[in-house]
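Subject: Structure for you to look through

Hello,

Here is the structure I said I would pass on. Please open it next to this email and follow along.

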Amino acid sequence: MITTLSKTWQALLDFFGPLALVLVIGLVIALTYVQINALFLVWLERKVAGHIQLRIGPKEVGPFGVLQTIVDGVKLLGKELITPRPASWLLFVLSPILVFTPVLVPFVVLPFGENLQVHDLNVGLLLIFAFAGLNVLAILMGGWASNNKYALLGAIRSVAQNVAYEIPLLLSAMSVVIMANSLSLRAIVDAQEGLWFVFVQPVAAILYLVGATAETNRAPFDIPEAESELVAGFHTEYSGMRFGLFFLAEYTNMFIVASVATTLFFGGWRGPIADGPWWFLAKVYLLIFGVIWVRWTFPRLRFDQLMNLAWKFLIPIGLVNLLVTALVLKLVR
Amino acid sequence: MLRKTLTDDTFYLNMGPQHPSTHGVLRLLLRLDGERIVECEPVLGYSHRGHEHMAQTRSYLRFMPNPCRMDYLAGLMYNHAYCLAVERACGIEAPPRAQFIRVICAELNRISSHLLWFGAYLLDLGGFTPFLYAFDDREDVLSILGEITGSRLTYSYCRFGGVARDLTPKFIELTKAFIPKLRVRLKDYDTLVSKNVIFINRTKDVGVITKEQARDYSVTGPNLRACGVPHDQRRCEPYSVYPEIDFEVITADGANGEGDCYDRYLVRMQEMEESLRIVEQALQRLPEGPIRAKGVAQEPAPPPGAYQYCYESARGMLGIYLVSDGSRVPVRMKWRTPSFSNLSILPILLPGTLVADTVAILGSLDLVIPEIDR
Amino acid sequence: MSQNESLAVILESSPQVTQLRRASRENDGFDFSLSIEPKGIPELARMLKDQGFFLEYLTAVDYGQTMELVYSFSKWIEPDRVQAVCPAWPMEAAPSICGVFPAANWQEREVFDMFGLEFKDHPDLKRLLLIQEEGLHPLRKDFVAGPQHSGDVVETEMV
């Protein structure tokens, strides 16, 4: 049996090339990192929320409550996976899986350090945006298949919101791409050797950060999960680890979106002294801290105000920014 | 009719009775067309406990614990109003010290009710943090009131002819420390919430009540004052020691539109400041003396007739209509609660708005459903 | 006090008013109490609304042998309070004043719910607070709360 396995593996390698092995290892590392990241981020969010709200946050389980997330994960694993009888079973079960899986793939192209990138795809940015767009479909599946009016309303709002805010995201990323002349993330980081792009493209940076908060369904754009209006939005009917997967996907998405922001605008793994992955991680978590801070400070935007903000305000600004960048580059070069 | 149902794209959405944002057990039957509300019908009665029936079958003293359970956020005000109503019927007057104490406690209760409304309103709109700050302040008020009444939420502190217990020095000390602390916090709330762009966009020009609608639907309290009508029972039909105290009736000034959710919000926030002023003045003027009127029967039997008392509770005009036949048990006691009328305007405010506005409008009316259901 | 006098004149001239009594705000809580026939209620309500009054509440009182409807009207800012009492059961049903004061809609539904008194021409006279049970009118004097009124599950129509 072992010989059959090794022969199959050898055949696969011959067919796909050594790149396949690299990708597989990369994805496994990504999967592990996702768990550690979720562990840290959930703890960070609860502590930050607590301190903003005049209280401490988790403190019982582990020193400063660091083990709280693990305990919560164990609790979620132990819960019964309830499927409502009128729900459409296949779509219902498939939805959390489809929300979580595309979130792993962008790890393959993120440049954690100078040589710490699983594979430098020359259309890396395109890959990230393509896979980020898949979660819209999965949320719609989840909301529809739940056979629950609240879930459906939440899913519809989520689709509209995600589609609307993807465009300013792309426009601001495009401004950076035409400056760096490449879609490859490594090339973009290399192009920031002298000056980070956030100083050259401040408008695009703000646009990107706003769009990123909306893409990850975080407050003030968390209409799809608005607890006070729609009970729990599109994940009303999900219990146990299925809910856990939505949760995990949201925090991983936050990490990816912040990593892309770091790469595009804040110089990636570069720093004033000693370049390296520590700078990358520090910048990413600082941005995430900002996102968390915003969540616990502001109330929620109403849905039509949210859409108006995207279509009537952010998109025109993004277009103008792109045109101005193109014009300036044409004149300079 | 058939044609309407065939091409009718509307669907029914049930908000409640268990829902994070309907303040109490209220069921709103909404007919939606996509995200817009076409029709709204409130379904009531989930917290009906038969208080008026209890009033008809128990003596005045035995009924004393009930009023505070009707509106548990302004429990002391209901208790105060009940004692005032029975005192009017019997012709008793409480001594000045007791009246001042009652006013101090009622205004502190008003502050705690408005604080909870503020926290819950922001929570409904998605800002989770002010809730905890408001409750932090509210804890102070509850500790202060608990010092002399012994309860945190449902009070039976007033008696016919006075109050049950005198103020302690600790009460005065805690209150004097609380007043400046809340003033600082109110400024914080003003900066972080009242001037917040997202909050203003959610509440401006949403749920506008015109003066005609307010008259038609008997809207009272801060909701009415936000429409530009300076009607406050404490000023218009003064009772207790309010004539001696200098305070402003906070009314929306009409400069930026009138009667929308933002005006109702501002009126309540400023009312908290006025309540602090009232407490300060009452503490300064507090006379010495007895706290119970002499010779008052604790099981009163008012002379036969019909009596009415109108009181300014945290939510609006509280009316008690009392019919007595000379015995110790009333023939009828009608409680005209402000939230009853304030909710009846909802079915004309909602059609045409979005679901998200339901929450904003419902919250801005400051309803407590158990006082509607009694 | 000329305002009160002019109000007294207006009230006395209203049709169906059988008796007008002056009361005092400190002792009774209202300025005028008038007895009126049920037929005259909508006219009185309309007249008071033109004078700037609003409906505070509308309720009923059960005296055992008879029941009465009590209406209370008041004004903003300088509240003159007028109370109108009209005999109800076993007399004829009173007409509804929903057309004049929409606030009366729920108030009348509550009176129907608690006392069983009907209102003519009410747009939607159904119970407001209680369950759909025949003959359940708790605020009547002949109502006896029995074990069947606690904890039973009643089928309600679902939408």
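How far apart do the C-alpha centres of domain 1 of chain B and domain 2 of chain B lie? They lie 27 Å apart. The two domains span residues 10–43 (domain 1) and 51–372 (domain 2), with bounds that come from an automatic or database domain assignment. Their contact (heavy atoms within 4.5 Å) takes 17 residues from domain 1 of chain B and 18 residues from domain 2 of chain B.

Some ground rules before the rest. This is a predicted model, in which local features need pLDDT of at least 70 and side-chain atom pairs count only at pLDDT 80 or more, while totals for chains, interfaces and linings use all residues. Residues are numbered from 1 along each chain as its sequence is written, chains are lettered from A and ligands numbered from 1 in the order in which they are written, and side-chain values use heavy atoms, with hydrogens and water left out.

The sheet in chain B

Helices (H or I, at least four residues) and strands (E, at least two) are DSSP runs numbered from the N terminus, and two strands pair if DSSP finds at least two bridges between them.

Nine bridges join strand 6 of chain B to strand 7 (residues 316–324) of chain B. One of the paired residues is B:Glu312, whose bridge partner in strand 7 of chain B is B:Met317. Strand 7 and strand 8 of chain B also run antiparallel, joined by five bridges. There, B:Leu322 has B:Met333 in strand 8 of chain B as its bridge partner.

Is strand 8 of chain B enclosed or open? Five of its five residues are buried, so strand 8 of chain B is largely enclosed by the rest of the structure. Buried means under 20% relative accessible area, exposed over 50%, and partly exposed in between (1.4 Å probe, protein chains only). On one side of strand 8 of chain B are B:Arg332, B:Lys334 and B:Arg336, on the other B:Met333 and B:Trp335, and all are buried.

B:Asp71 sits in the loop between helix 3 (66–70) and helix 4 of chain B. Its relative accessibility is 0%, so B:Asp71 counts as buried. Beyond its neighbours within four places in sequence, B:Asp71 is in contact with B:Tyr78, B:Ser313, B:Arg315, B:Val368 and B:Glu371.

B:Asp366 is in the loop between helix 15 (355–364) and helix 16 (369–373) of chain B. Its phi is near 55 degrees, a positive value in a residue other than glycine. B:Asp366 counts as buried, at 4% relative accessibility.

A:Phe64 is not a glycine either, yet has a positive phi of about 60 degrees. The residue lies in the loop between helix 2 (18–52) and helix 3 (68–78) of chain A. At 64% relative accessibility, A:Phe64 counts as exposed.

Chains A and C

Chain A has 14 helices and zero strands. Of its 333 residues, 52% count as buried. A compact globule with 333 residues would have a radius of gyration near 20 Å, and the 21 Å of chain A agrees with this. That radius is taken over C-alpha atoms, and the globule rule is 2.2 Å times the number of residues to the power 0.38.

Chain C has three helices and seven strands, and 53% of its 159 residues count as buried. No contact joins chain A and chain C, and their closest C-alpha atoms lie 14 Å apart. Of the two pairs of chains that touch, chains B and C have the most contacts.

Regards
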